[in-house]
Amino acid sequence: MNHGRTVFSQLLSFLPDREFRRCVARYGGDARPRGFSCWDQYLAMAFAQLTYREGLRDIEACLRSLGGKLYHMGFRGRVARSTLADANDTHDWRIYAGFAQVLIRIARPLYASDPIGLDLDHSLYALDSTTIDLCLSLFPWARFRQHKAAVKMHTLLDLHGNIPTFISITDGKVHDVNILDEILPEAGAFYVMDRGYLDFERLYGFTASGAFFVVRTKSNVVLQRRYSHTVDKSTGVRSDHT
């Protein structure tokens with residue numbers, strides 16, 4: 001029988017708990033104790049993510065089946081569906097958003113030198129969005145269509161290590177191009193985007209910041225070719241025009 005630490009607690013030992021406590025203190029997360037602290041909530045949601053739980057009832061059933069091991073996993077509060085639901089409803093989301101930024105700052109340098117198949121000395125980002133379908137009767141505030149609810153998650157991914165550096169969750173009706181207003185371009189970095197982000201006025205902000213962008217064009221864009229350059233089509237480049 002294994003009498004050592006659980007794998008879950010070993011994974012959590014890599015987290016900077018001091019930084020987490022700072023995030024909690026910054027937003028007063030544990031100012032009014034309710035029996036389920038911000039750390040307990042974080043443990044429960046991390047466990048749910050790692051073990052593919054599908055809801056609060058599933059999280060509760062799985063954690064309660066562990067019995068006395070919960071203490072050694074770091075839990076101090078009583079795990080119940082009601083307390084977890086209350087924590088999700090009352091704890092400030094900025095605690096976990098701030099802690100996520102701390103973890104991103106730690107993780108990015110670890111993958112900065114990983115090869116990505118391109119000879120680039122600067123950062124390379126991919127920007128895209130995904131629509132998450134919701135039940136309209138449970139989430140009436142997220143009405144997307146007449147009989148459908150949804151939210152949209154916009155993600156800026158650092159391709160060195162596939163680490164998200166920016167995430168914004170909006171109403172499902174928000175157009176992708178509006179997210180360009182929230183991104184601070186990094187000088188020298190390359191941003192790869194789909195045609196949904198084609199807005200020359202907004203993209204000029206990337207150029208003015210010293211960044212570069214690669215975006216697919218739309219069929220109705222009016223362009224005038226001034227020069228053509230010779231390309232090696234064996235590299236995958238079909239044409240190079242100015």
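I am working with a predicted model, where local features need pLDDT of at least 70, side-chain atom pairs count only at pLDDT 80 or more, and totals for chains, interfaces and linings use all residues. Residues are numbered from 1 along each chain as its sequence is written, and side-chain values use heavy atoms, with hydrogens and water left out.

**Domains.** The protein divides into domain 1 (7-105) and domain 2 (112-241), with bounds from an automatic or database domain assignment. Their C-alpha centres sit 32 Å apart.

**Largest pocket.** I found about 2000 Å³ of space in the largest pocket. A pocket here is an open set of points on a 1 Å grid over the protein atoms alone, where a 1.4 Å probe fits, with protein on both sides within 12 Å along at least five of seven lines. The volume is the space filled by probe spheres set on the points, which are joined across faces, edges and corners. I count 44 lining residues, and Gln49, Tyr96, Ala100, Ile167 and Ile169 are the closest to the centre; lining means having an atom within 4 Å of a point. Elements giving two or more residues include α3 (38-50), α7 (93-111) and β4 (163-171). Helices (H or I, at least four residues) and strands (E, at least two) are DSSP runs, numbered from the N terminus. The largest share, ten residues, is from α7. Domain 1 and domain 2 each put at least three residues into this lining. I get 32 nonpolar, ten polar and two charged residues, where nonpolar is Ala, Val, Leu, Ile, Met, Phe, Trp, Tyr, Cys and Pro, charged is Asp, Glu, Lys and Arg, and polar is the others, Gly among them.

**Second largest pocket.** This one holds about 430 Å³. Of its 14 lining residues, Phe200, Val215, Thr217, Leu223 and His241 lie nearest the centre. β6 (212-215) gives the most, three residues. The lining splits into seven nonpolar, five polar and two charged.

**α3 against α4.** Their axes (lines fitted to C-alpha atoms over the stretch in contact) come within 10 Å and cross at roughly 95°. Angles run from 0 to 180 degrees between N-to-C directions. I therefore log α3 and α4 as roughly perpendicular, a label for 65 to 115 degrees. Ala44, Phe47 and Ala48 in α3 meet Ile59, Cys62 and Leu63 in α4, with contact meaning heavy atoms within 4.5 Å. I note six nonpolar residues in this contact, no polar and no charged.

Methods:
Parallel < 35°, antiparallel > 145°, perpendicular 65-115°, else oblique.
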